[in-house]
Amino acid sequence: MASIIIKGGNKLNGEVKISGSKNASLPIIAASILSGKKTTLFNVPDIHDTQVTLKILRYLGCKVYKNHDRIEINSKYIDKMEVPESLMREMRSTVILAGALLGRFREVTFSYPGGCDIGARPIDLHLKSFKKLGINIAEEYGFIRCSCDKIVGADIDLDFPSVGATENIILASVFAQGKTSITNAAREPEIVDLVNILNKMGARISGEGTNVIEIEGVTKLHEVKYRVMPDRIEAGTFLCAGAMAGGKITNARTEQLIPIISKLEEAGCQIEKDNTSVTLQAPKRLKAIEIKTMPYPGFPTDMQSIFGSMLSFAKGTSIITENIFENRFKYLQELKRMGAKSKQEGNVAIITGVKMLTGAKVKSTDLRGGAAMVLAGLKARGITEVTNIEYILRGYEGLETKLRKLGADINLVQE
């Protein structure tokens, strides 16, 4: 088992290179299934989740060639329509492979997906949407079997703007007969990135970034080369690291950081932006703020635990309302081991800032919760050991290496 060891107290200074987006890469890799040709991707992060997704593609029959952040996928030779249960259970986002396989082959078998335990994330919206497209669904012995003779465009009104369901509908509808309309669609930038590569392949999709997306069915797609967008959650994580540890952090600018930057400024950070970068100057001490997580363009739930860790040091009492995932406050119990003060009332966390935390042995409760513990260790007095870091490796590419280059005393240790 591996752990991350941090000796707190060092200020962070410098420029950090932000990796490609995890949440954009996974559906984009899935989209490569549709063309039956070669797809070349750049800026794909080398993390556990992309590795598992590529492993599944190889199992299905794809030829995959990887060279650093460049990946070539030839999906011409796919000869299996079933996603292995063992790999399906490693992460939730594998469910988007269902839409891609249905779109191209009109059949797929898969089990319920796994992933971080941050709350109920049912796939009922995915299955209801598939049914509206004329897809037959049979569930037995923990497996879901989907098939149809043809996919027919339909009007789909989502009960909630689910990112995964929106992506799956798009992927399944690219070759549909007629037009598919998604109302109350998710608006996340990662969906815009997915639509961009599909349109570059020859799909006819419009409305991305709004709550109504329309897909006109086409009959074929072609080869494409595409660069994945930067990871806005990683960018936000490093800005928060700088805000906590003190110092000055510069990272690649992404337009989608606006709700994160707004809250950092509210907490007392000085932010400078230009066309290519965002620079944060930390205050002597952060100020307490109030946060409510919402679907994009609201404050992202993926940043909630990062901010919760940061606000443990802020002057005053911060209020965080989690409106997306009910189990996302597990990290607060780990912060209490370090001396943080907080209490939870339903979906609300009340955090009273302290001047200093003390290093301790803590664990990652999920992907973002793990990153939150690493950031707490940067500021804490003494040594912090973060265990269960497999969660962190799912979504951050070289987190400890990048932090060390900024001045942190941090190491990944294999036991």
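Which residue in β12 is the bridge partner of I205? I opened my notebook with that one, and the model I looked it up in is a predicted one.

**Entry 1: the sheet around β12**

I found I215 to be the bridge partner of I205 in β12. The two strands involved, β11 and β12 (residues 212-216), pair in the antiparallel sense, and I noted three bridges between them. I then stepped back to the whole sheet, which is open, has four strands and runs in the order β9-β10-β12-β11. Its pairing is mixed. At the edges I have β9 (155-157) and β11 (204-206), each with a single partner strand, so one side of each is left without a neighbour in the sheet. Neighbouring strands here are turned by 15° against each other on average, direction ignored.

I also checked what packs on this sheet, and helix α6 (residues 163-173) does. I see α6 touching β9, β10 (179-183), β11 and β12, and its direction makes about 175° with that of β10.

**Entry 2: the sheet around β1**

Next I looked up another open sheet, with four strands in the order β21-β22-β1-β23 and mixed pairing. I wrote down β21 (361-363) and β23 (409-414) as the edge strands, since each pairs on one side only. From one strand to the next, the twist averages 25°.

Inside this sheet I followed β1 (residues 2-7) and β22 (residues 383-387), which pair in the antiparallel sense over four bridges. Which residue of β22 stands opposite I6? I traced it to T384. Across β1, β21, β22 and β23 lies helix α12 (residues 367-379), and I noted that α12 runs at about 30° to β1.

I turned to the second largest pocket, whose volume is about 240 Å³. I have 13 residues lining this pocket, and the closest to its centre are V16, K17, S19, K402 and K405. Two elements, β2 (12-16) and α14 (399-405), each supply at least two residues of the lining. By class, I sorted the lining of this pocket into four nonpolar, three polar and six charged residues.

How many cavities of 30 Å³ or more are there? I count one. The largest cavity has a volume of about 40 Å³. I listed its lining as S19, G20, P45, I47, D231, E234, G395, Y396 and E397. That lining has three nonpolar, three polar and three charged residues.

**Entry 3: a charged pair**

Side chains of opposite charge can pair when their charged atoms come close. I noted 15 salt bridges in the structure. One I looked up joins K66 and D46, with the closest N and O atoms 4.0 Å apart. K66 lies in strand β4 (residues 63-67) and D46 in the loop between β3 (38-42) and α2 (48-60), so this pair ties together parts that are 20 residues apart in sequence.

Most residues other than glycine have a negative phi, and most peptide bonds are trans. I flagged one exception of each kind. R106 is not a glycine, yet I read a positive phi of about 65° for it. I placed R106 in the loop between α4 (96-105) and β6 (107-111). The peptide bond from Y296 to P297 is cis, with omega near 15°. I found P297 in the loop between β17 (290-292) and α10 (304-311).

Note on methods
Residues are numbered from 1 along each chain as its sequence is written. This is a predicted model: local features need pLDDT of at least 70, side-chain atom pairs count only at pLDDT 80 or more; totals for chains, interfaces and linings use all residues. Side-chain values use heavy atoms; hydrogens and water are left out. On a 1 Å grid over the protein atoms alone, a cavity is a set of points where a 1.4 Å probe fits but cannot get out, and a pocket is an open set with protein on both sides within 12 Å along at least five of seven lines; lining residues have an atom within 4 Å of a point. Grid points are joined across faces, edges and corners, and a volume is the space filled by probe spheres set on the points. Ala, Val, Leu, Ile, Met, Phe, Trp, Tyr, Cys and Pro count as nonpolar, Asp, Glu, Lys and Arg as charged, and the others, Gly among them, as polar. Two strands pair if DSSP finds at least two bridges between them. Axes are lines fitted to C-alpha atoms, for helices over the stretch in contact, and angles run from 0 to 180 degrees between N-to-C directions. Contact means heavy atoms within 4.5 Å. A salt bridge is a side-chain nitrogen of Lys or Arg within 4 Å of a carboxyl oxygen of Asp or Glu.
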